[in-house]
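Trainee: May I go through this structure with you? I am new to it and would like to begin with the annotated regions.
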Amino acid sequence: MTHVTELVDLLQLERLEDNLFRGQSRDIGTRFVFGGQVLGQALAAAQQTVDVAREAHSLHAYFLRAGDIEAPIVYSVERTRDGGTFSSRRVVAIQHGQPILNGSISFQLPEHGVEHQTTMPEVPAPEDVEPLHPLPPDELERLPVKLQRWLGIDGPFEFRQVWPRDERHPAKRPPIQHIWFKLTSPIDDAAILHRALLAYASDFHLIGTATLPHGISYLTHNVQMASLDHALWFHRPFRVDEWLLYSFDSPTAQGGRGLARGQIFSRDGSLVASTAQEGLIRLRAE
């Protein structure tokens with residue numbers, strides 16, 4: 001089974017009741033369940049309670065507790081409203097009897113209207129950006145097993161950083177970054193699946209943008225980081241098995257929290273999605 005197939009299967013939830021679903025977890029090297037997984041599964045659960053013609057256009061979620069990788073996650077969907085054009089769903093992700101995520105997702109029947117968008121940043125094409133290189137085997141072997149898995153480049157997504165950064169030895173720089181990404185192999189055309197996979201991928205690198213001016217990263221020994229909330233808006237059609245540019249900035253950090261924003265473009269310059277996330281960035285005493 002390839003990593004892409006494994007991830008696609010992860011988003012195919014088991015239906016327990018009309019509004020109740022169960023998902024499994026994938027260990028990608030994080031200490032707890034990866035937040036993007038919970039976002040993608042929550043969206044997949046909500047989509048199963050909505051007419052397929054209605055497309056998700058916004059998702060807003062709060063991460064309440066760290067998820068246990070070894071336990072399944074139950075998704076309870078509340079059918080808040082079905083109007084003439086819009087449908088609203090509330091999703092609670094539950095583990096060990098406790099909510100780990102509260103989310104609201106809105107769906108809309110496609111319609112025409114006024115259009116404008118911001119311009120995609122001028123960056124090199126993905127073919128002109130160096131792929132990520134694995135750590136030398138001797139360095140990788142000295143790290144904890146989970147960290148080895150996280151820092152490995154053998155995953156369902158390929159990332160190419162326009163301005164590469166060494167997370168082990170981060171230098172201070174402005175809170176802006178651009179990263180090309182796509183699935184490593186093609187998938188079918190179902191737009192529902194592509195949106196769930198984009199929700200999954202949208203959690204990568206986002207809050208890390210707020211650490212760039214401070215010369216720290218999630219690997220810095222006295223730094224505690226966690227996502228607190230996540231917002232995602234879908235604007236235009238896209239495919240996650242084709243190159244997408246994720247353009248990030250962080251306008252502020254304060255009070256132990258940092259705010260990051262993202263814009264996702266297809267390679268033809270279409271703005272396909274936008275994101276925002278606030279995260280905990282806490283410096284512990286030495």
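This is a predicted model: local features need pLDDT of at least 70, side-chain atom pairs count only at pLDDT 80 or more; totals for chains, interfaces and linings use all residues.

Trainee: Which residues does UniProt list for "domain: Acyl-CoA thioesterase 2 C-terminal"?
Mentor: The unreviewed UniProt entry gives residues 174–280 for that domain.

Trainee: How many residues of helix H2 are buried?
Mentor: In H2, 13 of its 13 residues are buried, so the helix is mostly covered; buried means under 20% relative accessible area. Helix H2 covers residues 35–47, and at 1.5 Å a residue its 13 residues should span 18 Å. The end C-alpha atoms of H2 are 18 Å apart, which agrees.

Trainee: Turning to His60, which strand is it in?
Mentor: His60 is in strand S3, residues 55–63. The C-alpha atom of His60 is separated by 25 Å from that of Gly29, 31 residues away along the chain.

Trainee: Is His60 buried, exposed or partly exposed, and why?
Mentor: His60 is partly exposed because its relative accessible area is 37%, which falls between the 20% and 50% cut-offs.

Trainee: What is His60 in contact with, leaving aside neighbours within four places in sequence?
Mentor: His60 is in contact with Asn102, Gly103, Ser104, His230, Ala231 and Trp233.

Trainee: A change of topic: in which sense do S7 and S8 pair?
Mentor: Strand S7 and strand S8 (residues 176–183) pair in the antiparallel sense over 5 bridges. Glu158 stands opposite Lys182 in S8. Strand S7, residues 157–161, is mostly covered, with 4 of its 5 residues buried.

Trainee: Finally, what is the phi of His96, and where is that residue found?
Mentor: His96 has a positive phi of about 55 degrees although it is not a glycine. His96 is in the loop between strand S5 (86–95) and strand S6 (98–108), and at 63% relative accessibility it counts as exposed.

Trainee: What about the phi of His205?
Mentor: His205, which is not a glycine, has a positive phi of about 70 degrees. His205 lies in the loop between helix H5 (191–201) and strand S9 (223–227), and its 26% relative accessibility makes it partly exposed.

Conventions
Residues are numbered from 1 along each chain as its sequence is written. Side-chain values use heavy atoms; hydrogens and water are left out. Helices (H or I, at least four residues) and strands (E, at least two) are DSSP runs, numbered from the N terminus. Buried means under 20% relative accessible area, exposed over 50%, partly exposed in between (1.4 Å probe, protein chains only). Contact means heavy atoms within 4.5 Å. UniProt positions are given in the numbering used here, feature names are shortened, and annotations may be inferred rather than shown by experiment. The expected span of a helix is 1.5 Å times one less than its number of residues. Two strands pair if DSSP finds at least two bridges between them.
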